[in-house]
Amino acid sequence: CTYVSLYEINGAAQTIIGHDELYTYPITAGSDYIWSVIGGEIVSGLGTNEVIVVWSDVSGSLTVREISSRGCEGFDVVLILFNLVFTLTQQTITLLS
């Protein structure tokens, strides 16, 4: 197997719970990418070099593993997230009499 280079996941390590956050990994022609998340949900991009995650917990992790066009697998690359922030939205309630 050909060596699969390791890079870093690019994206916010601190964000707001419930907001979409884009994470990218440098693209290699012909490669597939296996993403997994703890503390959130991947809402788009599975199999590609970029995903959008919606975080749902105060901490979590995002992992990607690259598989080359020849089927060689790289090692897991992990981004640890911590101290994610909750935000409250103000809503107006109208009572009808």
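Q: Which side chains meet in a salt bridge at 2.8 Å, N to O?

A: Side chains of opposite charge can pair when their charged atoms come close. A salt bridge is defined here as a side-chain nitrogen of Lys or Arg within 4 Å of a carboxyl oxygen of Asp or Glu, and in this predicted model the side chains of D76 and R65 meet in one, at 2.8 Å from N to O. D76 lies in the loop between strand 5 (60-67) and strand 6 (77-81) and R65 in strand 5, so the pair ties together parts that are 11 residues apart in sequence. Strands (E, at least two residues) are DSSP runs, numbered from the N terminus.

Q: What is the basis of the numbering and of the values?

A: Residues are numbered from 1 along each chain as its sequence is written, and side-chain values use heavy atoms, with hydrogens and water left out. Because the model is predicted, local features need pLDDT of at least 70 and side-chain atom pairs count only at pLDDT 80 or more, whereas totals for chains, interfaces and linings use all residues.

Q: Are E73, R65 and D76 buried, partly exposed or exposed?

A: Buried means under 20% relative accessible area, exposed means over 50%, and partly exposed lies in between (1.4 Å probe, protein chains only). E73 counts as partly exposed at 48%, R65 as partly exposed at 27%, and D76 as partly exposed at 42%.

Q: Where does Y25 lie, and is Y25 buried or exposed?

A: Y25 lies in the loop between strand 1 (20-24) and strand 2 (32-38), and at 2% relative accessibility Y25 counts as buried. Contact means heavy atoms within 4.5 Å; leaving aside neighbours within four places in sequence, Y25 is in contact with residues including Y7, Y33, W35 and V77. The side chain of Y25 reaches the backbone nitrogen of Y7 at 2.9 Å.

Q: Which residues form a nonpolar patch on the surface?

A: Patches are made of residues with over 30% relative accessible area and no salt bridge, with like charges joined within 9 Å and nonpolar side chains (Val, Leu, Ile, Met, Phe, Trp, Tyr) within 5 Å. Y3, L6 and F75 form such a nonpolar patch, with about 400 Å² of accessible area together, computed by the Shrake-Rupley method with a 1.4 Å probe. Y3, in the segment before strand 1, is exposed, with a relative accessible area of 64%.

How values were computed: Helices (H or I, at least four residues) and strands (E, at least two) are DSSP runs, numbered from the N terminus. A polar contact is a pair of N or O atoms within 3.5 Å; within protein, one must be able to donate a hydrogen and the other to accept it, and residues adjacent in sequence count only if both atoms are side-chain atoms.
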